[in-house]
Amino acid sequence: MTTPAEYKFHPQKKSTIITAPFSGGQPKGGVDLGPRYILEAGFEKQLQGLGWTTLVANPLEGHEFELKKTNDKDSFGVKNTQIVLDCNKLIFESCLEAHKKDTLPVVIGGDHSIGTATVAAALENNPDTCVLWIDAHADINSPKTTDSGNLHGCPMSFVLGIDPESFPPEFGWVPAKLKPGKIAYIGLRDVDDGEKAILKKYGIPAFSMYHVDKYGIGKVVEMALDKVNPDRKFPIHLSYDVDAIDPSFTPATGTRVEGGLTLREGLFVAEDVAQTGLLSSLDVVETNPLLGEHENHVLDTVSAACAIGRCAMGETLL
């Protein structure tokens with residue numbers, strides 16, 4: 001029988017669910033509805049059922065004017081610079097406050113551009129934090145390398161400080177404290193050429209679906225942790241994009257790529273991180289209820305997002 005996870009950095013099992021209903025990092029509407037659907041599915045009660053005390057923070061509430069967006073690139077080659085910045089600052093402050101109150105931030109999005117804020121806050125709280133980025137995409141383009149200009153594909157470049165000369169000045173506030181050896185990717189299968197070059201240049205551990213197929217998901221998680229947290233003593237920030245899971249299981253998401261993790265493999269990642277006892281913060285992003293072709297697509301994706309969160313927060317099969 002699985003031993004219940006003990007959370008080294010949150011032994012009191014207090015959490016803050018932080019809603020991030022934001023879609024400005026990419027062009028498709030509806031991802032801003034993800035947090036509402038996840039909460040309406042009973043996510044907060046599910047965490048409480050696992051023994052967590054919960055608070056809900058809504059840092060974007062009252063800032064609707066900032067959520068208007070454009071599909072035009074600016075002079076830096078990216079879109080919606082100001083509103084992505086404004087969103088990230090609010091999310092960063094909310095995450096940091098949660099950390100300082102010794103509660104585990106659980107951020108539900110929203111698009112993955114908010115990863116700039118969540119990772120930056122985790123490192124601001126504890127600079128030894130390592131990051132597991134579970135995603136079909138590396139999201140490590142800089143404004144210099146991005147073809148689309150969508151900032152949900154750039155969050156890691158800001159916190160790693162990659163190509164800083166290309167950063168819009170609005171992002172000058174971001175503390176670039178993440179070291180290349182402290183982030184590992186799992187589930188990659190759609191990586192831009194510029195991103196491949198960045199991963200190779202900086203020696204960033206990256207495990208694609210090839211590695212999952214070759215070694216199995218259990219071994220891949222072990223190898224990823226061996227790279228970024230070999231002694232299993234540092235806090236882990238788990239940033240989980242639902243598109244890491246194959247779209248046959250999570251169809252209501254914005255950038256679907258065939259050939260992803262099965263639902264069981266995807267949940268295992270969250271379960272195995274929980275078993276380390278080192279989880280210190282969590283993102284679950286890119287649920288887009290408007291992109292389901294029918295109601296079951298939406299239900300399947302929302303259910304998967306909730307299950308990822310529950311597994312990371314200690315739910316086990318036995």
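1. Let's start with the sheet. Eight strands make up an open sheet in the order β2-β1-β3-β8-β7-β4-β5-β6, and the pairing is parallel. The edges are β2 (53-57) and β6 (206-208), each of which pairs on one side only. Ignoring direction, neighbouring strands are turned against each other by 15 degrees on average. Do keep in mind that this is a predicted model.

2. Now for β3, which sits between β1 and β8 in the strand order. Strand β3 covers residues 104-109 and is mostly covered, with six of its six residues buried. Side chains in a regular strand alternate between the two faces of the sheet. Here Leu104, Val106 and Ile108 point one way, while Pro105, Val107 and Gly109 point the other way. Both sets are buried.

3. What about the neighbours of β3? On one side, β1 (residues 14-20) pairs with β3 in the parallel sense, over six bridges. Within that pairing, Val107 of β3 is the bridge partner of Ile18. Strand β8 (residues 279-285) also runs parallel to β3, and three bridges join the two. There, Val106 stands opposite Leu282 of β8.

4. The peptide bond from Gly109 to Gly110 is cis, with omega near 25 degrees. Gly109 is one of the buried residues of β3, and Gly110 lies in the loop between β3 and α4 (115-125). I'd check this spot by eye in the model, given that omega is near 25 degrees.

5. The loop between β3 and α4 also holds His112. Is His112 buried or exposed? His112 has a relative accessible area of 0%, and under 20% counts as buried, so His112 is buried. Leaving aside residues up to four places away in sequence, His112 touches Trp133, Asp135, Asp139, His152, Pro155, Ser239, Asp241, Val285 and Glu286.

6. For Lys13, phi is near 55 degrees, and the residue is in the segment before β1. Lys13 is partly exposed, at a relative accessible area of 22%. For Asp102, phi is about 60 degrees, and its place is in the loop between α3 (81-100) and β3. Asp102 counts as exposed, with 55% relative accessibility.

7. From α8, the contact uses Ile217, Gly218, Val221 and Leu225, which meet Glu265, Phe268, Val269, Asp272 and Thr276 of α9. By class, that is five nonpolar, two polar and two charged residues.

8. Helix α9 has a further partner in α10 (residues 295-312): the axes come within 7 Å and cross at roughly 25 degrees. That angle makes α9 roughly parallel to α10. The contact brings together Leu263, Leu267, Ala270, Glu271 and Ala274 of α9 with Ala304, Ala307, Ile308, Cys311 and Ala312 of α10. Sorted by class, the contact has nine nonpolar, no polar and one charged residues.

Terms used. Residues numbered from 1 in each chain as written. Predicted model: local features only at pLDDT ≥ 70, side-chain atom pairs only at ≥ 80, totals over all residues. Heavy atoms only, no water. Buried < 20%, exposed > 50% of the residue type's maximum accessible area, 1.4 Å probe, protein only. Helix = DSSP H or I, 4+ residues; strand = E, 2+ residues; numbered from the N terminus. Pairing = 2+ DSSP bridges. Contact = heavy atoms within 4.5 Å. Nonpolar A, V, L, I, M, F, W, Y, C, P; charged D, E, K, R; others polar. Axes fitted to C-alpha atoms, helices over the stretch in contact; angles between N-to-C directions. Parallel < 35°, antiparallel > 145°, perpendicular 65-115°, else oblique.
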